[in-house]
Amino acid sequence: MLIAAVVGVAVLTLIAAGLRSSSDSLRFVQNAQLLTEDLRNAGNLVSDYLSSAAFVYPPGVTLSIGSPSGYSVRNPRTGDNTWRTGQDPV
């Protein structure tokens with residue numbers, strides 16, 4: 001009788017461990033799916049912002065990038081702080 005009880009407890013322990021493992025695996029998969037969905041939404045948001053940013057200045061507009069305090073960005077093509085949209089590398 002004692003041996004049967006020990007075997008029964010061992011079997012129940014194995015079943016409980018299997019259920020816990022499958023529960024942990026399910027939680028991992030659900031979290032991975034939620035993360036993938038969040039990353040997809042973030043990518044769509046960034047894509048929307050970038051697509052709208054491309055139309056802020058139409059091609060051919062000359063921009064002087066700098067501030068009165070002396071901050072400027074040198075255009076590698078022209079060597080100064082003027083940039084032409086659609087022609088200069090951004």
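## Confidence of the model

The average pLDDT of the protein chain is 81, and 89% of the residues score at least 70; pLDDT is the predictor's confidence in each residue, from 0 to 100. In the protein chain, the mean is highest in α1, at 86, and lowest in β1, at 80. Where pLDDT is low, the predicted coordinates should not be read in detail.

This is a predicted model, in which local features need pLDDT of at least 70, side-chain atom pairs count only at pLDDT 80 or more, and totals for chains, interfaces and linings use all residues. Residues are numbered from 1 along each chain as its sequence is written, and side-chain values use heavy atoms, with hydrogens and water left out.

## Overall layout

The protein chain has one helix and two strands, in the order α-β-β from the N terminus on. Helices (H or I, at least four residues) and strands (E, at least two) are DSSP runs, numbered from the N terminus.

Of the 90 residues in the protein chain, 6% are buried. Buried means under 20% relative accessible area, exposed means over 50%, and partly exposed lies in between (1.4 Å probe, protein chains only). The protein chain exposes about 7600 Å², with carbon and sulfur atoms supplying 66% of it; accessible areas come from the Shrake-Rupley method with a 1.4 Å probe, and for residues only the protein chains shown count as cover.

Among contacts in the protein chain with a separation of 6 or more, 15% join residues 24 or more positions apart. Contact means heavy atoms within 4.5 Å.

## Helix α1

Helix α1 covers residues 2–53 and includes I3. I3 is exposed, at a relative accessible area of 68%. Together with V7, V11, L12, I15 and L19, I3 forms a nonpolar patch on the surface, with about 610 Å² of accessible area in total. Patches are made of residues with over 30% relative accessible area and no salt bridge; like charges are joined within 9 Å, and nonpolar side chains (Val, Leu, Ile, Met, Phe, Trp, Tyr) within 5 Å.

The structure holds one salt bridge, a term for a side-chain nitrogen of Lys or Arg within 4 Å of a carboxyl oxygen of Asp or Glu. The salt bridge joins the side chains of R27 and D24, at 3.2 Å from N to O. R27 and D24 are three residues apart in helix α1, so about one helical turn separates them. R27 is partly exposed, at 45% relative accessibility, and D24 is also partly exposed, at 32%. Side chains of opposite charge can pair when their charged atoms come close.

## The loop between the strands

N75 lies in the loop between β1 (62–64) and β2 (82–84). With 0% relative accessibility, N75 is buried. Apart from neighbours within four places in sequence, N75 has contacts with D80, T82, W83 and D88.

## The segment after β2

T85 is located in the segment after β2 and is buried, with a relative accessible area of 17%. Neighbours within four places in sequence aside, T85 touches Y57, P58, P59, G60, V61 and L63.

Q87 is also in the segment after β2, but Q87 is exposed, with a relative accessible area of 52%. Q87 and R77 stand 10 residues apart in sequence, and their C-alpha atoms are 9.8 Å apart in space.
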